Structures are given as structure tokens and as C-alpha cells.
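Please read them with the structure open.

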Amino acid sequence: MYDVNEIKELIRAVDRSSVGELEIKGDDKAKLTIKKEGQNTVVQTPVETQIQAAAPAPAPAAPVQAPESSSGAPAQAAEEKEIDESLQKITSPMVGTFYRAPSPDSDVYVNPGDTVQQDSVVCIVEAMKLMNELEAEVSGEIKDILVEDGELVEYGQPLFTVKSK
Amino acid sequence: MKRDELLKLLRQAYPQYLSGQHVSETLGISRAGVWKHIEELRKQGYEIEAVPRKGYQLISSPNSLSHEEIHARLETAWLGSELIYEPEVSSTQDIAHTKAQAGAKEGLAVVSDRQIKGKGRLGRPFYSEPEHGIYTSVILRPDVMPYQAPQLTLVTAVAMCEAFQDVTGVTPEIKWPNDILFSGRKTCGILTEMQSEPDRIQAVIIGVGMNINQQPQDFSEELQNIATSLRAETGETYNRAEVLAAVYSRLEHWYVTYIHEGFAPIKAAWEHYAVSIGRELTARSATSTITGKAEGITEEGMLLLRDETGTIHKIYSADVEITRSDS
């Protein structure tokens with residue numbers, strides 16, 4: 001069975017290659033198909049990733065995916081040329097539960113349309129009772145919030161898109 | 001400060017009497033000024049005997065968390081060397097956050113006798129009573145990746161267990177990931193907050209609220225089944241500065257061990273205190289509930305639960321409750 005990080009590593013590998021589709025069949029790891037459609041990557045796998053089970057492996061395969069900036073890898077830039085180039089992402093630095101507010105009865109940190117600075121706290125990601133107040137690290141206007149409050153997020157998962165000004 | 005110096009002189013003189021004349025000359029203040037300071041110390045809870053023609057003798061010190069009381073006992077290399085003490089605060093955690101953002105060094109500790117706001121996980125308040133407890137927040141700046149930082153909650157749990165054991169002689173238990181229990185009831189609340197960028201930790205603030213000298217009747221009926229204190233467990237009253245010095249000492253030790261040797265030694269120590277292993281636990285998160293037998297923790301600190309179908313779940317983020325203790 002593929003673990004989350006193996007799947008991520010494979011997606012990255014396909015993403016960066018000129019391969020459009022990758023299919024692996026085997027006894028142990030059952031079946032995994034990754035198809036690239038335009039700039040989207042679609043993962044089909046019969047392995048049901050247990051939500052609670054999502055674990056950061058001892059060390060992620062790749063360094064933390066910093067919000068994509070102009071210094072991004074050329075391959076990535078080429079793939080995303082159809083996307084608004086000023087749109088940046090804020091990604092989760094760890095596996096955990098995503099919270100939009102410091103407590104259930106507090107106001108949310110940010111809403112779409114809000115302007116954030118590099119040091120603005122945009123959300124909390126909680127794991128093993130550690131509350132991580134995540135800073136935007138980019139400045140601009142919050143376009144979309146990509147996950148629901150209380151949802152479990154993965155390492156490197158995009159949480160917000162930000163339109164720089 | 002003259003009062004701290006006076007206190008030091010009283011300690012040095014003990015068990016002899018300290019003459020007012022001597023204090024007056026050493027500190028360069030009048031005899032009336034000495035008397036004023038003695039009165040002030042008495043108000044703070046120091047018991048000082050005054051005998052005509054002999055001088056002053058320190059009989060006992062208050063059970064306080066003042067600078068003076070803590071530093072007299074502190075044996076750490078750096079943790080708590082820089083200390084901010086306030087008798088009453090809204091939240092030690094808020095002060096530590098502000099200090100961390102302003103660039104405070106690793107090891108700065110904020111301590112208070114009483115916390116008014118109380119800040120539990122996600123803003124849940126925890127019980128706070130004047131001068132029975134200890135409230136402290138410590139700034140750490142670990143050179144690890146943000147995804148590793150949750151392990152610090154287990155580091156803190158191990159340190160708290162050792163400190164409480166050193167002070168009371170009674171062995172506490174840990175419920176995953178960082179609840180410290182005596183007879184199944186919580187004696188402290190740990191809140192760990194991190195300021196980070198996606199790939200870099202700015203600061204980790206570890207906040208601990210401890211129940212030390214409450215008696216069982218000091219807890220509300222609602223809390224009596226879930227909360228306890230060191231005194232309620234052993235019948236003894238504890239000097240809080242001494243407890244705090246033990247906590248800082250153990251926290252520094254385990255944190256340094258973690259930074260140098262990684263999580264393996266922490267895992268071994270954590271499992272030594274882990275009450276939850278082998279029992280039936282229920283883990284609740286915002287999206288799902290899983291009940292199973294606790295098999296242990298992973299190399300990263302995640303809880304392993306085996307459900308009735310035999311499937312093993314790795315729990316990374318959930319509220320855990322012991323649902324059956326005999327299994």
C-alpha cells in the first residue's frame with residue numbers, strides 16, 4: 001500500500017516529467033494511476049488513505065514547497081503559464097487539522113478579499129496538540145480558501161491562494 | 001533592589017541575627033528605611049523576627065514565585081535565566097508571544113501566580129485559582145522543521161512527569177499526547193503554540209498551567225473528577241518555586257536531548273509513563289471518531305490504534321479519551 005509521501009513523490013515526479021500518464025500494477029502496492037491533464041494532475045488509487053492516518057513520514061521526500069514565486073523551477077513555471085501568474089499559494093508546513101480561527105467562537109483569521117502581509121497569521125494547523133499559527137509569508141489579497149475548517153491537511157497541501165499586489 | 005539585597009543579607013546571616021546597624025551601613029539606608037523594607041517583606045509573606053539589641057532573623061519565606069525565590073533554586077544553564085514574573089496576568093502565553101515577536105531569546109520564561117484569562121487548547125479556558133498554581137510560558141527556538149515540532153508536546157510531557165516525580169515521589173502517567181495524570185485526573189494543562197513560516201520555525205511557546213497546592217474541595221464539583229493537584233494526591237504542601245525550578249531543569253534536559261539525539265530517547269521515556277498503551281481509547285477529530293486498542297506510538301510520536309477489525313490507525317490530530325481501562 002502506498003503511503004501518502006510515496007504518492008506525493010510520484011505525483012511530483014510525473015509533474016516534472018514529460019510523461020502524461022503513469023500506471024503501476026503490482027501485488028504489494030495494488031494499483032496506482034497518475035494522469036496529467038493539462039496543468040492538472042489526477043490521482044486514482046484504490047488505496048483509501050485513512051484520514052486520521054495521514055502521517056508525515058520521517059522526512060518528506062522534497063523540501064517544503066514554498067509558495068510558488070517567480071524563482072520557481074522553470075518546469076513548473078512552464079506548466080502553469082495558463083494560471084494567473086500573480087497567484088501564489090500558502091501551503092501547510094505539516095500534517096494536521098486546519099482551523100480558520102483561534103477558537104470556535106472567535107473571528108476567523110482571514111476571509112477571501114482580505115489583504116495579508118508576510119507576517120499575517122492566516123490559520124492554525126494543529127497536530128499532537130501543537131497549535132501552529134501559520135504566517136502568510138507572501139503579501140497580497142486572499143483569493144480562495146482551499147480547505148474547510150476542521151479538515152485534516154497534508155504536508156505541502158495548498159491552503160490559500162493569494163493575489164499579489 | 002534594596003529589598004532583594006536585604007533578603008540576601010538575612011539569608012547569609014541565618015541562623016544569626018542581622019543587626020539593623022549593619023544593614024543600614026551596608027545598604028546605605030537609614031535605620032527607619034531598614035524597618036520600612038522589613039515591613040514590606042513581611043507584607044509579601046516573609047516571616048521576620050525582630051529582637052531588640054540583636055536585630056532581625058528570617059524565620060520563613062513565602063511560597064512565592066518571585067525572581068528571588070526562583071533564582072535561588074534554579075539549576076538550568078539557560079532556561080529561565082531571563083524571567084518575567086507577574087503576580088497576576090491575563091495569560092502568560094500572550095506575554096511570551098509578544099516577547100518572542102519582539103525577538104526575545106530562547107529560554108525566556110514568563111511566570112505568574114494567577115492567570116485570569118486562562119488559555120487552553122483553541123481558547124478553552126482551564127481552571128485558575130490564586131496562588132495555588134503555577135502558570136508559566138517558555139520561549140524556544142528549535143532548529144527543526146515545522147513538521148517535526150509537534151514532537152515537542154511529547155518532550156514537554158516527559159519533562160513534566162519527571163519534575164512531578166522528583167518533587168512528590170509519586171509517578172504520574174501520560175495520556176496521549178501530553179495530558180499528565182495522577183489517578184486518572186489532570187494536574188496540569190500544556191499548551192504548545194508555534195509561530196512559523198511554511199519552512200521555518202520562528203518560535204515555539206510552551207505554556208503550562210499546574211495545579212500544585214489546591215485541596216480537593218478547592219475544585220468545583222464539576223472539576224473534581226477530572227482535575228487534581230500535587231497536594232490533593234500526597235497531602236503535602238509544596239514550595240512552588242521549587243516545583244518550578246524542577247520543571248525548568250527537566251524541560252531543559254529533555255529539550256536539549258531531543259535537539260541533539262532526535263525523538264528516539266523521548267519515545268522511550270514517553271512510553272515509560274504512558275498509561276494509555278494497551279487500553280481502549282477513543283480518538284475524536286472534527287471529521288471522524290476511531291475507537292481501538294492503543295498499540296503505542298510511532299517513531300514520529302503518532303498514536304497507533306488497532307480497531308476491532310484489526311486495522312491500525314495512526315492518529316495525528318484528535319482528542320483522546322480512555323474509554324475502557326481494563327482492556
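1. Two strands are taken to pair if DSSP finds at least two bridges between them. Helices (H or I, at least four residues) and strands (E, at least two) are DSSP runs, numbered from the N terminus. With that, Ile145(A) stands opposite Phe160(A), a residue of E11(A).

2. Some ground rules. This is a predicted model, in which local features need pLDDT of at least 70 and side-chain atom pairs count only at pLDDT 80 or more, while totals for chains, interfaces and linings use all residues. Residues are numbered from 1 along each chain as its sequence is written, chains are lettered from A in the order in which they are written, and side-chain values use heavy atoms, with hydrogens and water left out.

3. The sheet in chain A. Strands E9 (residues 140-145) and E11 (residues 158-163) of chain A are antiparallel partners, joined over 4 bridges. They belong to an open sheet of 4 strands in chain A, with the order E4-E11-E9-E6 and antiparallel pairing. The edges are taken by E4 (87-91) and E6 (115-116) of chain A; each has a single partner strand, so one side of each has no neighbour in the sheet.

4. The first helix of chain B. H1(B) covers residues 2-13, and its end C-alpha atoms are 16 Å apart, in agreement with the 16 Å that its 12 residues should span at 1.5 Å a residue. The expected span is 1.5 Å times one less than the number of residues. Burial is judged by relative accessible area: buried is under 20%, exposed over 50%, and partly exposed in between (1.4 Å probe, protein chains only). Arg3(B), Leu6(B), Leu7(B), Leu9(B), Leu10(B) and Ala13(B) are buried in H1(B). Viewed down the axis, the buried residues of H1(B) fall within an arc of 160 degrees, so they line one face of the helix. That arc is taken from the directions from the helix axis to the C-beta atoms. Lys8(B) and Gln12(B), on the other side of H1(B), are exposed.

5. The annotated segment. An unreviewed UniProt entry marks residues 20-39 of chain B as "DNA-binding region"; such annotations may be inferred rather than shown by experiment. Over residues 20-39 of chain B the chain is 85% helix and 0% strand. Gly33(B) lies in helix H3 (residues 31-43) of chain B and is buried, at 18% relative accessible area.

6. Helix H9 of chain B. This helix (residues 240-261) has 22 residues and reaches 31 Å from its first C-alpha to its last, close to the expected 32 Å. Just after H9(B), Gly262(B) takes a positive phi of about 85 degrees.

7. Aromatic pairs. Rings of Phe, Tyr and Trp (its six-membered ring) pair if their centres lie within 6.5 Å; planes under 30 degrees apart count as stacked, over 60 as edge-to-face and the rest as tilted. The count is 5 aromatic pairs over all chains. One of them is Tyr155(A) with Tyr147(B), centres 5.6 Å apart and planes at 85 degrees, so edge-to-face. Tyr155(A) is buried at 5% relative accessibility, and Tyr147(B) is buried at 10%. Trp78(B) and Tyr255(B) are also edge-to-face, with centres 5.9 Å apart and planes at 70 degrees. Tyr255(B) sits in helix H9 of chain B and Trp78(B) in the loop between helix H4 (67-71) and strand E3 (83-89) of chain B, so this pair ties together parts 177 residues apart in sequence. Trp78(B) is partly exposed at 24%, whereas Tyr255(B) is buried at 3%.
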